[in-house]
Amino acid sequence: MQAAKLDDALCKAISFIRIDKRPKVCFICIRSPHLIISERIAEYANLGFLSRHFLRKHVSKLKDGQFVDYMDCGVRLKTRKELLIHAERFHGIVSQVPIECPRI
Ligand SMILES: [Zn+2]
Ligand SMILES: [Zn+2]
């Protein structure tokens, strides 16, 4: 594919992720410039696969003192729990890991 077409595909995937409440694209990968575009817009067959990817690649790799800056939502996620809660509330990634309800 040509670069322009890849950019186009990326743009579409990003707008899709914003519109669709249940995207099957990883919202962190899509914003990772170090990944190749086909990895960034990889679509998972179902939310189970997406959750598993999300937990393994992002949540489990987040160490103490690290954080994820997520520009699209203007948030900085500093703990695994914050990452899980944000993913579930805003990106429809429901993990199998029970998340305690934050007291608001
Ligand atoms: Zn990912
Ligand atoms: Zn977000």
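Read along the sequence, the protein runs α-α-α-β-β-α, giving four helices and two strands; helices (H or I, at least four residues) and strands (E, at least two) are DSSP runs, numbered from the N terminus. The model is a predicted one, in which local features need pLDDT of at least 70 and side-chain atom pairs count only at pLDDT 80 or more, while totals for chains, interfaces and linings use all residues. Residues are numbered from 1 along each chain as its sequence is written, with chains lettered from A and ligands numbered from 1 in the order in which they are written.

Of the 104 residues, 17% are buried. Here buried means that 20 or more other C-beta atoms lie within 10 Å of a residue's own, exposed means 12 or fewer, and partly exposed falls in between, with C-beta atoms placed from the backbone.

Helix α3 (residues 47-59) spans only 16 Å between its end C-alpha atoms, whereas a straight helix of 13 residues would span 18 Å at 1.5 Å a residue; the expected span is 1.5 Å times one less than the number of residues. Its buried residues are Leu-50, Ser-51, Phe-54, His-58 and Val-59. Seen down the axis, these fall within an arc of 100°, so they line one face of α3; the arc is that of the directions from the helix axis to the C-beta atoms. Gly-48 and Arg-56, on the other side of α3, are exposed. Helix α4 (80-91) is part of what covers the buried residues of α3.

Met-71 sits in the loop between β1 (68-70) and β2 (75-77). It counts as exposed because it has 8 C-beta neighbours inside 10 Å. Its C-alpha atom is 8.6 Å from that of Arg-31, 40 residues away along the chain.

Notes: Contact = placed C-beta atoms within 7 Å.
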